[in-house]
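Hi,

Here is the structure I promised to pass on. Have a look at it first, and my notes follow below.

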Amino acid sequence: RVAKVVAPKKAALAIAESKFAEAQKSLNAKRAMLKEVQDKLQSLRDKFEENTKKKEDLEVQVDMCAKKLARAEKLIGGLGGEQDRWQQAALELGEQYVNLTGDVLVSSGVVAYLGAFTSVYRDDQVQVWLQACKDIALPCDEKFSVINTLGDPVKIRSWNIFALPTDQFSVENAIVINNSRRWPLMIDPQGQANKWIKNSEKENKISVVKFTDSDYMRTLENSIQFGNPVLIENVGEELDPSLEPLLLKQTFKQGGAICIRLGDSTIEYSRDFRFYITTKYRNPHYLPETSVKVTLLNFMITPEGLEDQLLGIVVAREKPELEEERNELIIQSANNQKQLKEIEDKILEVLSSSEGNILEDETAIQVLSSSKVLSNEISEKQEIAAETEKKINETRQEYLPISVHSSVLFFTISDLAAIDPMYQYSLPWFINLFVNAIDNSEPCEDIQKRLIILKEFFTELLYRNICRSLFEKDKLLFSFLMCCNVLKNKGFMEEEEWRFLLTGGVGLDNPNRNPYSWMPIKAGTR
């Protein structure tokens with residue numbers, strides 16, 4: 001009975017197990033198929049993600065490429081026009097690099113030794129040094145100039161704005177002051193250096209003192225401590241011995257601060273301190289002990305510098321609006337040049353400091369682009385200003401004859417000091433007389449007639465004023481000197497004729513005997 005009940009159930013179990021095994025087998029097959037599909041799906045997803053990433057990378061590259069193209073266009077558009085100028089500048093810098101040794105050597109000699117001499121002697125000595133450099137095969141520039149070697153055009157223009165005469169001699173003197181290690185002592189009988197120093201250091205609160213001032217030492221001590229410039233004017237042939245530590249820059253450290261001993265007191269020494277000394281003496285004789293402590297500079301006015309000053313005065317009086325516009329243009333041009341130099345330095349700094357591909361540096365491109373735009377605007381303004389200044393100068397040149405003539409007259413009266421030391425006349429007095437002549441002479445619309453009237457009026461006015469201060473015996477000599485200098489300036493008298501008149505052209509042997517016994521031998525020889 002049990003077998004009858006269990007047997008069918010066992011049969012049913014076997015059938016069920018058989019079906020389950022088939023179903024399990026089918027399930028495993030389906031699972032395998034599912035896994036295969038899932039694997040394919042994952043592979044496709046991986047490929048999709050990879051391709052999506054490639055797509056994004058390509059989009060970034062396309063965007064970067066587009067930006068690089070835009071930046072390249074900006075770069076080429078901004079700096080492409082500079083190619084010729086920079087190539088020329090690079091060529092010139094290459095030549096300067098070759099000649100640098102000789103040029104700096106000669107420039108150093110000018111700074112160290114030639115400050116006290118006249119422009120003629122200075123030029124002659126420079127030529128001797130250049131020839132010595134060539135003799136030992138030391139490269140130097142054929143057209144050597146201290147201004148080109150050590151000068152900065154932007155700084156020189158600012159000096160001219162501060163009343164430094166524009167002639168080469170005065171500019172070289174300013175460069176010597178700027179490059180010398182010793183404090184300058186300027187021979188300045190006409191007050192040109194004095195005026196320039198006061199104007200250029202005005203913003204730095206310069207203190208102007210004399211040895212005769214009771215508190216000059218206290219002023220000097222305060223200026224040394226706070227770094228303010230000091231100008232001691234009208235010194236004689238001897239300097240105060242208490243200035244020796246300052247002239248020799250005998251500084252020392254005390255308590256972590258740089259100090260200097262001045263007189264009986266020790267004070268802190270500021271690195272910003274600057275010291276200037278001027279003398280009114282025309283030909284001072286300083287002892288060697290003094291000369292080695294300072295940089296002696298001859299700041300006596302030159303004919304070119306005086307002509308430029310007088311030209312500015314006469315144009316300012318005759319056509320004030322023209323001179324005012326010119327002065328504004330000079331200041332504007334100086335500011336423009338300064339900005340251009342700063343922009344160019346900024347561009348070169350960005351180009352040199354940029355790492356890798358500069359087209360990938362957005363900031364650098366923006367700086368270059370904005371700098372170049374500003375540079376172009378300034379250059380356009382500079383061209384307009386240069387053209388305007390050229391037209392103004394052409395008009396100013398019409399008044400040049402009177403400035404040249406007046407300059408000749410000034411140097412004529414300057415030579416009177418050789419006759420008698422009492423005969424000395426200041427430049428401000430001469431300029432004041434010149435202004436009076438312009439204001440009081442007969443006006444005329446025709447410039448040529450006006451120049452003739454002004455020339456005759458000023459010559460007579462000067463002659464009358466000078467004669468008032470001369471001894472009777474010297475008046476004829478003064479008239480003769482004035483006449484000869486005017487004739488030499490006009491080309492009616494040659495220098496050889498003038499020298500012959502002064503020396504007599506006496507030879508060593510005179511074959512002709514003295515025709516008269518009462519005549520001196522020297523006169524008979526002549």
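Let's start with Lys54, which is partly exposed at 46% relative accessibility (buried means under 20% relative accessible area, exposed over 50%, and partly exposed in between, using a 1.4 Å probe and protein chains only). Before you go further: this is a predicted model, where local features need pLDDT of at least 70 and side-chain atom pairs count only at pLDDT 80 or more, while totals for chains, interfaces and linings use all residues. Residues are numbered from 1 along each chain as its sequence is written, and side-chain values use heavy atoms, with hydrogens and water left out.

Lys54 makes a salt bridge with Glu50, with 3.8 Å between the closest N and O atoms (a salt bridge is a side-chain nitrogen of Lys or Arg within 4 Å of a carboxyl oxygen of Asp or Glu). Glu50 is partly exposed too, at 44%. Both residues sit in helix H1, four residues apart, or about one turn of the helix (helices are DSSP runs of H or I with at least four residues, numbered from the N terminus).

Helix H1 covers residues 2–79 and also holds Asp39 and Lys35, again four residues apart. Their side chains meet in a salt bridge at 3.3 Å, N to O, and Asp39 is partly exposed at 42%.

Further along, Arg499 and Glu495 form a salt bridge at 3.4 Å, and both lie in helix H18 (residues 495–503). Lys198, Lys210 and Glu233 are linked in a salt-bridge network. In total, the structure holds 18 salt bridges.

Cheers

Conventions:
Helices (H or I, at least four residues) and strands (E, at least two) are DSSP runs, numbered from the N terminus.
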